[in-house]
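Open the model in a viewer and keep the selection tool at hand. The tour below goes from one selection to the next and says what is found at each stop.

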Amino acid sequence: MTDRTHRNPRGSEPSPAEGTHAATAVPNLLPSRSVLRWEVLCVLALSLGAAAVSATISFLGVLTAPESMADQTASLIRSRAEDRPWLDLSFQLYAVAFAFAPVALVVYLLHRSGESARTIGFDLRRPGFDTWSGAALAALIGAGGLVVYVVSWQLGLTRTIVPSTLDGNWWDSTILVLQALKNGVLEEVIVVGYLLHRLGQAGWSPWKAVLASSVLRAFYHLYQGVGMFFGNLVMGLVFGWFYLRYGRVMPLVVAHTVIDVVAFVGAVYLIGRIDWLPV
């Protein structure tokens with residue numbers, strides 16, 4: 001931590017009504033830029049930065065496999081204990097619950113620096129705006145992403161994505177929705193809200209930070225193939241622009257969750273029934 005102090009935001013001298021407490025300097029809890037950079041690296045190493053490294057290694061395996069990229073599959077949600085549904089459910093719930101740990105960490109770090117989740121718009125202050133703007137973003141990105149996936153798969157640039165290989169248990173839909181919610185919260189809070197906020201505090205220009213965020217998003221989806229790498233790069237740029245424009249991450253959480261719910265749950269009923277969907 002540094003010893004820097006904030007000045008009184010209303011001027012250099014307190015008004016008489018403010019008393020002696022207002023004259024006391026308020027400690028600036030924001031770490032130095034070098035400490036912020038280390039903080040960001042640690043958060044990413046514990047979350048989506050590690051996922052980007054894993055996805056890159058997986059992609060190298062895809063490139064060196066004897067099959068073409070389109071002939072390989074990428075399963076997003078898999079059974080963790082086949083033929084043992086209650087054990088499988090326990091593992092699924094465990095995986096979802098502990099995936100929120102990095103989100104709790106960044107909220108804690110924001111509080112330590114004198115801020116909060118509200119600083120990045122991760123709150124329920126504007127439910128109407130968050131819902132309708134999130135739904136609009138979901139329609140835009142979802143439709144565009146589907147086109148990118150189908151076209152890139154036909155060109156042999158993307159693996160066949162299998163959203164779920166769960167075994168038809170009574171709890172499958174619940175787990176798929178929870179996984180979608182987890183993805184929306186984890187990715188948008190960390191890769192957009194937290195990362196853009198902290199990089200800005202570390203001296204990065206807004207669009208340099210957006211580009212870094214978008215490239216990170218693209219890399220942790222690289223295991224799906226080249227097409228989805230670029231599709232997610234564009235998604236990151238759009239989401240980054242939205243955050244810079246409105247300063248709220250909650251609509252992005254809504255949009256991402258809706259996209260994944262449609263992809264995960266819809267795939268159970270649509271794949272194999274619609275001819276143009278890869279299978």
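Select D123 to begin: its relative accessibility is 12%, so D123 counts as buried, the cut-off being under 20%. The coordinates belong to a predicted model.

**Stop 1: the salt bridges around D123**

The side chains of D123 and R248 form a salt bridge, with 2.8 Å from N to O. D123 sits in the loop between α5 and α6 and R248 in the loop between α9 and α10, so this pair ties together parts 125 residues apart in sequence. Like D123, R248 is buried.

R125 counts as partly exposed because its relative accessibility is 43%.

**Stop 2: R198 and E115**

Clear the selection and pick R198 and E115. Their side chains meet in a salt bridge of 3.0 Å, N to O. R198 belongs to helix α7, whereas E115 lies in the loop between α5 and α6; the two are 83 residues apart and link distant parts of the chain. Are these two residues buried or exposed? Both R198 and E115 are buried. The count of salt bridges in the model comes to seven.

**Stop 3: the largest nonpolar core**

Next, select V189, I190, L216, F239, Y243, V249 and L252. Among the 38 residues of the largest nonpolar core, these touch the most other members. Colouring by helix shows where the core comes from: α2 (33–45), α3 (48–64), α5 (101–112), α6 (127–154), α7 (172–201), α8 (206–219), α9 (226–246) and α10 (250–270) each supply at least two of its residues. Which helix gives the largest share? The answer is α7, with ten residues. In soluble globular proteins, nonpolar side chains tend to be buried together.

Centre the view on L252. Apart from neighbours within four places in sequence, L252 has contacts with L137, E188, V192, F239, F242 and Y243.

There is also a second, separate core, made of eight residues. To find it, select I77, W171, I175 and A180, which are among its members.

**Stop 4**

Switch to a surface display and select W207, L211, V215, F219, L237, W241, L244 and Y246. Together they make a nonpolar surface patch of about 700 Å². Helices α8 and α9 are the elements that give two or more residues to this patch. Y246, one of the patch residues, lies in helix α9. Y246 counts as partly exposed because its relative accessibility is 34%.

**Stop 5: the whole chain**

Finally, show everything as a cartoon. The protein has ten helices and four strands.

Of the 279 residues, 45% count as buried. The accessible surface is about 14,800 Å², and 65% of it belongs to carbon and sulfur atoms. Among contacts between residues at least 6 apart in sequence, 76% join residues at least 24 apart.

Note on methods: Residues are numbered from 1 along each chain as its sequence is written. This is a predicted model: local features need pLDDT of at least 70, side-chain atom pairs count only at pLDDT 80 or more; totals for chains, interfaces and linings use all residues. Side-chain values use heavy atoms; hydrogens and water are left out. A nonpolar core is a set of buried Ala, Val, Leu, Ile, Met, Phe, Trp, Tyr and Cys residues joined through side-chain atoms within 4.5 Å. Buried means under 20% relative accessible area, exposed over 50%, partly exposed in between (1.4 Å probe, protein chains only). Contact means heavy atoms within 4.5 Å. Patches are made of residues with over 30% relative accessible area and no salt bridge: like charges are joined within 9 Å, nonpolar side chains (Val, Leu, Ile, Met, Phe, Trp, Tyr) within 5 Å. Accessible areas come from the Shrake-Rupley method with a 1.4 Å probe; for residues, only the protein chains shown count as cover. A salt bridge is a side-chain nitrogen of Lys or Arg within 4 Å of a carboxyl oxygen of Asp or Glu.
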